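I opened the notebook today to look up the pockets of this protein and to note what lines them.

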Amino acid sequence: MITQNSSAPLIAVVGATGIQGGSVIKTLTASSKPYRVRGFTRDATKPVSQDLIAKGVEMVTVSLVVDNVKEVFKAFEGANMAFLVTNFLEHMDAERETAEAKMMIDAAKVGGVERIVWSGLPHCTKLSAGKITHVGHYDSKAAASGYGRQSGIPFVDVQAGFYASNFFNPWIAPVKRADGTYAIPLPLSPTVPLPVIDMARDYGLYVLRALEAPVFPDGSEVHTGLDITMEEVAIQLSQVTGKRIIIEQITLDQYGKKMADSGAPVHVVVDMLDAWKWFEEFGYYGGEATSSVEGLAKHPLSFREFAKAEDWSKVFM
Ligand SMILES: NC(=O)c1ccc[n+]([C@@H]2O[C@H](COP(=O)([O-])OP(=O)(O)OC[C@H]3O[C@@H](n4cnc5c(N)ncnc54)[C@H](OP(=O)(O)O)[C@@H]3O)[C@@H](O)[C@H]2O)c1
């Protein structure tokens, strides 16, 4: 629960107005333990910030960029724990992502934070022994994880699974075919599993478990999501929506063209194509298993439950 009581730990939440940070705040609110919550945003006047303020969150206006390092350090002062996330898609610059993450880790440390939970991803270049070298937005996060582990502060990397909401993303959204059925175009074998997670509802469960662990698992890595093949996703979506939906395996070239046609910069197309190759050849977490759900405040939603909870009317028209 959120409290203003100064005896409760103060959790600094980056990305408070977004999917991941928003999920963390939702879960802190639902916890039986009291927390003070400080959320960061560039705009505390927007409705989502105002809504958080109404719920008791202290919203701090700050831009978490290296040019603004003084303000960033000030923003973390006095926090007991911190959840950190970067927003690659907004600037699409892997080096900037690592630099901002390192700056936040430093700011948290100097500000007095005793636990950091960070949203990282695997280092594809290292784990593939140099075979998959272009997934910049994974390697950049992994570089920050390495830095965080050496910070001297207990540090848990709670890696984000494949967002279930990606099925609303135009790059992989289902396409209606002439016979009235739908195809989800993916450059992935339908039998390959991905760790799918309803990020907005469930990511915070994993973060809270890391924050509340009595013995903080220093340096550990958490792999969120529940494994499901894309074939099974199509079956469950068909059952939930009553439409006939299949996975259409397309080539990487076809996928890249689709991204480029939608205006994605070349380096992001290259990055995403290598990401799909990584999923196919090494698995989303590089062959490591998804984490146990034991000790989470509740069981994460299955893909079927996510599908039932969503409105697909604009996708399957
Ligand atoms: N899609 C997937 O399947 C997937 C899987 C794994 C990981 N990811 C990663 O997830 C991350 C995005 O997280 P998300 O989905 O939670 O993003 P999101 O919903 O788009 O939210 C982004 C958040 O970042 C904040 N933000 C951005 N720039 C900021 C700045 N300069 N200063 C302060 N705050 C800033 C925004 O705050 P304000 O706008 O309020 O300032 C907002 O709260 C990306 O790094 C992506 O690579 C995605």
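The entries below take the pockets in turn.

Entry 1. I am working from a predicted model, and I began with the largest pocket, for which I noted a volume of about 1300 Å³. Its lining is made up of 47 residues, and those that lie nearest the centre are Thr 86, Asn 87, Phe 88, Leu 89 and Tyr 163.

Entry 2. I then asked which elements supply the lining of the largest pocket, and found that helix 1 (19-30), strand 2 (36-41), helix 4 (88-91), helix 5 (94-111), helix 7 (136-149), strand 7 (162-163) and helix 11 (266-282) each supply at least two residues. Helix 11 gives the most to this lining, with five residues. By class I recorded 24 nonpolar, 16 polar and seven charged residues in the lining of the largest pocket.

Entry 3. I turned to the second largest pocket, which has a volume of about 240 Å³ and is lined by 16 residues, with Pro 122, His 123, Leu 127, Ala 142 and Glu 221 nearest its centre. Two or more residues of this lining come from each of helix 6 (124-127), helix 7, strand 6 (155-159) and strand 11 (221-223), and helix 7 gives the most, with four residues. I sorted the lining of the second largest pocket into six nonpolar, five polar and five charged residues.

Conventions:
Residues are numbered from 1 along each chain as its sequence is written. This is a predicted model: local features need pLDDT of at least 70, side-chain atom pairs count only at pLDDT 80 or more; totals for chains, interfaces and linings use all residues. Side-chain values use heavy atoms; hydrogens and water are left out. On a 1 Å grid over the protein atoms alone, a cavity is a set of points where a 1.4 Å probe fits but cannot get out, and a pocket is an open set with protein on both sides within 12 Å along at least five of seven lines; lining residues have an atom within 4 Å of a point. Grid points are joined across faces, edges and corners, and a volume is the space filled by probe spheres set on the points. Ala, Val, Leu, Ile, Met, Phe, Trp, Tyr, Cys and Pro count as nonpolar, Asp, Glu, Lys and Arg as charged, and the others, Gly among them, as polar.
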